[in-house]
Amino acid sequence: MTKTPDHIARMIRVDQAGEFGATRIYAGQLAVMGDRGPDSAEIAGMAEQEASHRAKFDALMARRGVRPTALQPFWDRAGFALGAATALIGPEAAMACTAAVETEIDRHYSRQLDELEETNEDPELAAMIEEFREDEREHRDAALAAGAERAPAYPILSGLIRLGCRAAIRISERI
């Protein structure tokens with residue numbers, strides 16, 4: 001096994017952490033909403049896609065010898081808490097959470113793709129990111145269509161979640 005360059009290892013590490021965090025957010029939402037909430041079926045479908053993304057990143061990490069973030073136990077609890085808290089506020093807040101997270105992930109994945117395409121480096125990783133980015137965009141669009149912007153204090157809620165996502169991305173790249 002050849003050593004994965006540090007900048008590529010950081011990309012894989014943070015992307016796996018993000019997909020893991022997304023599965024935990026959806027788990028928290030579904031724990032509160034159950035299977036009878038107005039958007040439960042949609043959330044469950046999104047959760048399945050995120051679990052598939054995570055499994056593919058897990059396999060890539062194992063194959064390339066990339067360590068996961070040391071903060072995974074924290075993201076486990078924080079993601080679940082964020083999902084549960086937004087679902088407790090209401091279905092629109094749960095969707096606002098999804099829209100905010102997926103907006104930041106779209107930006108993050110787009111930056112990574114720009115970097116990989118500029119250097120024509122790691123076509124396998126670029127293809128994964130491009131595929132997953134499209135899924136994340138669909139999740140964002142579905143959340144907006146489901147009323148995310150009708151959540152109480154939407155601009156504040158969305159802004160705080162997006163800020164948290166940006167911080168989580170920066171931290172997970174390194175730690």
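**Exercise 1.** Determine whether Glu 92 is buried, partly exposed or exposed, and decide likewise for Arg 150.

*Solution.* In this predicted model, the relative accessible area of Glu 92 is 26%. Buried requires a value under 20% and exposed a value over 50%, so Glu 92 is partly exposed. Arg 150 has 60% relative accessibility and therefore counts as exposed. The side chains of Glu 92 and Arg 150 form a salt bridge, with 3.9 Å from N to O. This pair links distant parts of the chain, since Glu 92 belongs to helix H4 and Arg 150 to the loop between H5 and helix H6 (154–174), 58 residues apart.

**Exercise 2.** Classify Glu 104 and Arg 162 by accessibility, and state which parts of the chain the pair links.

*Solution.* The side chains of Glu 104 and Arg 162 meet in a salt bridge at 2.6 Å, N to O. Glu 104 lies in helix H4 and Arg 162 in helix H6, so that distant parts of the chain, 58 residues apart, are linked. With 2% relative accessibility, Glu 104 counts as buried. Arg 162, at 24% relative accessible area, is partly exposed.

**Exercise 3.** Describe the salt bridge between Arg 64 and Asp 122, and decide whether its two residues are buried or exposed.

*Solution.* The N to O distance between the side chains of Arg 64 and Asp 122 is 2.4 Å. Arg 64 is in helix H2, while Asp 122 is in the loop between H4 and H5, 58 residues away. Both Arg 64 and Asp 122 are buried. The structure has 15 salt bridges by count. Some are joined in a network that links Asp 106, Arg 133, Glu 134, Arg 137, Arg 140 and Asp 141.

**Exercise 4.** Identify the geometry of the aromatic pair Phe 57 and Phe 132.

*Solution.* There are two aromatic pairs in the structure. In the pair of Phe 57 and Phe 132, the ring centres are 5.5 Å apart and the planes stand at 70°; the arrangement is therefore edge-to-face. Phe 57 lies in helix H2 (residues 40–64) and Phe 132 in helix H5 (residues 123–145), so the pair ties together parts 75 residues apart in sequence. Phe 57 and Phe 132 are both buried.

**Exercise 5.** Which residues form the negative surface patch, and which helix gives the largest share?

*Solution.* The patch consists of Asp 114, Glu 115, Glu 117, Glu 118 and Glu 130. Helix H4 (residues 91–119) supplies the largest share, four residues. Glu 117 is located in helix H4.

Definitions and conventions
Residues numbered from 1 in each chain as written. Predicted model: local features only at pLDDT ≥ 70, side-chain atom pairs only at ≥ 80, totals over all residues. Heavy atoms only, no water. Phe/Tyr/Trp six-rings, centres within 6.5 Å; stacked < 30°, edge-to-face > 60°. Helix = DSSP H or I, 4+ residues; strand = E, 2+ residues; numbered from the N terminus. Buried < 20%, exposed > 50% of the residue type's maximum accessible area, 1.4 Å probe, protein only. Patch = residues over 30% accessible without salt bridge, like charges linked within 9 Å, V, L, I, M, F, W, Y side chains within 5 Å. Areas by Shrake-Rupley, 256 points an atom, 1.4 Å probe, with all protein chains shown as cover. Salt bridge = Lys/Arg side-chain N within 4 Å of Asp/Glu carboxyl O. Lys, Arg positive; Asp, Glu negative; His and termini not counted. Charge placed at Lys NZ, Arg CZ, Asp CG, Glu CD.
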